[in-house]
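Hello,

The structure I promised is below, with the sequence. My notes follow it.

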Amino acid sequence: MKVLVAVKRVIDYNVKIRVKPDHSDVDLTNVKMAMNPFCEIAVEEAVRLKEKGIATEVVAVTVGPKAAQEQLRTALALGADRAIHVETDERVESLGVAKLLKGVVDQEKPDLVILGKQAIDTDNNQTGQMLAALAGLPQGTFASAIGIEAGEIEVTREIDGGLQTVALKLPAVVTSDLRLNEPRYAKLPDIMKAKKKPLETHTPESLGLTVSAAPALLKVETPAERKGGVKVASVDELVDKLKNEAKVL
Ligand code: AMP
């Protein structure tokens with residue numbers, strides 16, 4: 001069974017985001033980048049399937065600039081067998097990524113595709129759903145547990161107020177939620193070994209596709225600064241301030 005895992009290069013979650021002075025985008029100059037945390041969970045799940053003898057091959061794929069190969073090497077260090085880079089310097093939105101991933105799915109014919117439920121940079125939460133629709137595959141989103149048996153995958157989904165379990169025929173698309181697993185850290189010897197694992201490069205054109213930066217990004221703004229709070233000495237003072245200063249009572 002072949003598992004394809006989509007990983008995205010994003011700003012490291014510890015970094016305080018800066019916006020470019022002209023508000024055209026987020027400033028990426030000298031910013032630490034990392035694998036999207038939900039993609040780390042997706043890679044971990046694929047590697048665990050291989051360790052359990054359910055998967056025979058784990059292939060990591062990313063769409064992005066040359067530098068995104070760093071995240072593919074991380075996936076290889078975490079246990080993926082090989083990697084595919086669809087190289088583009090264009091800003092590719094979810095639908096564009098889903099179309100390119102569909103191109104890779106057509107070539108690789110995986111039995112299972114695992115994506116993160118959401119990229120923490122744009123918070124779109126739609127690439128997996130779009131890929132499933134484009135590829136005509138069943139989807140199990142927000143997975144907190146999976147089980148594979150006899151050509152089927154059971155996906156326990158985190159939904160409002162509880163859990164829902166669905167059964168999908170393979171091949172299928174799954175997106176990982178936070179509780180699916182706790183990803184491992186890459187060990188130094190595995191990081192060294194990952195440098196020698198195969199990494200294939202494509203372009204959108206070599207997949208027979210073009211990317212368009214749609215929808216257009218109009219502007220990016222930081223959230224409004226919050227004013228500092230004050231401590232009140234009593235409930236009476238609080239009520240007075242709410243009535244006379246905030247005028248919310
Ligand atoms: P999004 O729909 O943008 O929130 O992203 C959801 C998931 O889609 C991510 O966690 C990745 O698994 C996948 N994905 C999004 N963008 C890319 C990309 N540029 N390259 C590879 N996978 C991606």
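**What I found**

Ala34 counts as buried, because its relative accessibility of 17% falls under the 20% cut-off. The residue lies in strand 3. Leaving out residues up to four places away in sequence, Ala34 touches Lys8, Arg9, Val10, Asp12 and Gln71. Take Val10 from that list. Ala34 and Val10 are 24 residues apart in sequence, yet their C-alpha atoms are 5.6 Å apart in space.

Please keep in mind that this is a predicted model.

**The whole chain**

The protein has 249 residues, and buried ones make up 41% of them. It holds 6 helices and 11 strands. The C-alpha trace spans about 70 × 40 × 40 Å along its principal axes. Consider contacts between residues at least 6 apart in sequence: 69% of these join residues at least 24 apart.

There is one record to mention. UniProt, in an unreviewed entry, places the feature "domain: Electron transfer flavoprotein alpha/beta-subunit N-terminal" at residues 23-211. In the model, that span is 30% helix and 31% strand. Its end C-alpha atoms lie 23 Å apart.

**The second largest pocket**

This pocket has a volume of about 550 Å³. It is lined by 22 residues, and the closest to its centre are Glu40, Thr74, Arg184, Tyr185 and Ala186. By type, the lining divides into 12 nonpolar, 3 polar and 7 charged residues.

Which elements supply at least two residues each to the lining? They are strand 3 (33-35), helix 1 (37-51), helix 2 (69-78) and helix 5 (188-194). Helix 2 gives the most, with 6 residues.

**Arg73, in helix 2**

Arg73 is found in helix 2. The Arg73 side chain reaches the backbone oxygen of Ala194 at 2.8 Å. Setting aside neighbours within four places in sequence, Arg73 is in contact with Ala194, Lys195, Lys196, Lys197 and Leu199. Asp236 is another matter: it is 163 residues from Arg73 in sequence and 60 Å away in space, C-alpha to C-alpha.

Asn181 is found in the loop between strand 10 (172-176) and helix 5. Is the residue buried or exposed? Asn181 counts as buried, because its relative accessibility is 8% and the cut-off is 20%.

Asp22 is found in the loop between strand 2 (9-11) and strand 3. It counts as exposed, because its relative accessibility of 56% is over 50%. Its side chain makes a polar contact with the side chain of Ser24, at 2.7 Å. Asp22 and Glu221 are 199 residues apart along the chain, but their C-alpha atoms are separated by 9.7 Å.

**Backbone points to look at**

- Leu170 and Pro171 are joined by a cis peptide bond, with omega of about 0°. Pro171 sits in the loop between strand 9 (162-169) and strand 10.
- Asp123 is not a glycine, but its phi is positive, near 55°. Asp123 lies in the loop between strand 6 (112-116) and helix 4 (127-135). At 47% relative accessibility, Asp123 counts as partly exposed.
- Asn125 also has a positive phi, about 55°, although it is not a glycine. Asn125 is found in the loop between strand 6 and helix 4. Its relative accessible area is 26%, which makes Asn125 partly exposed.

Best wishes

Note on methods: Residues are numbered from 1 along each chain as its sequence is written. This is a predicted model: local features need pLDDT of at least 70, side-chain atom pairs count only at pLDDT 80 or more; totals for chains, interfaces and linings use all residues. Side-chain values use heavy atoms; hydrogens and water are left out. On a 1 Å grid over the protein atoms alone, a cavity is a set of points where a 1.4 Å probe fits but cannot get out, and a pocket is an open set with protein on both sides within 12 Å along at least five of seven lines; lining residues have an atom within 4 Å of a point. Grid points are joined across faces, edges and corners, and a volume is the space filled by probe spheres set on the points. Helices (H or I, at least four residues) and strands (E, at least two) are DSSP runs, numbered from the N terminus. Ala, Val, Leu, Ile, Met, Phe, Trp, Tyr, Cys and Pro count as nonpolar, Asp, Glu, Lys and Arg as charged, and the others, Gly among them, as polar. Contact means heavy atoms within 4.5 Å. A polar contact is a pair of N or O atoms within 3.5 Å; within protein, one must be able to donate a hydrogen and the other to accept it, and residues adjacent in sequence count only if both atoms are side-chain atoms. UniProt positions are given in the numbering used here, feature names are shortened, and annotations may be inferred rather than shown by experiment. Buried means under 20% relative accessible area, exposed over 50%, partly exposed in between (1.4 Å probe, protein chains only).
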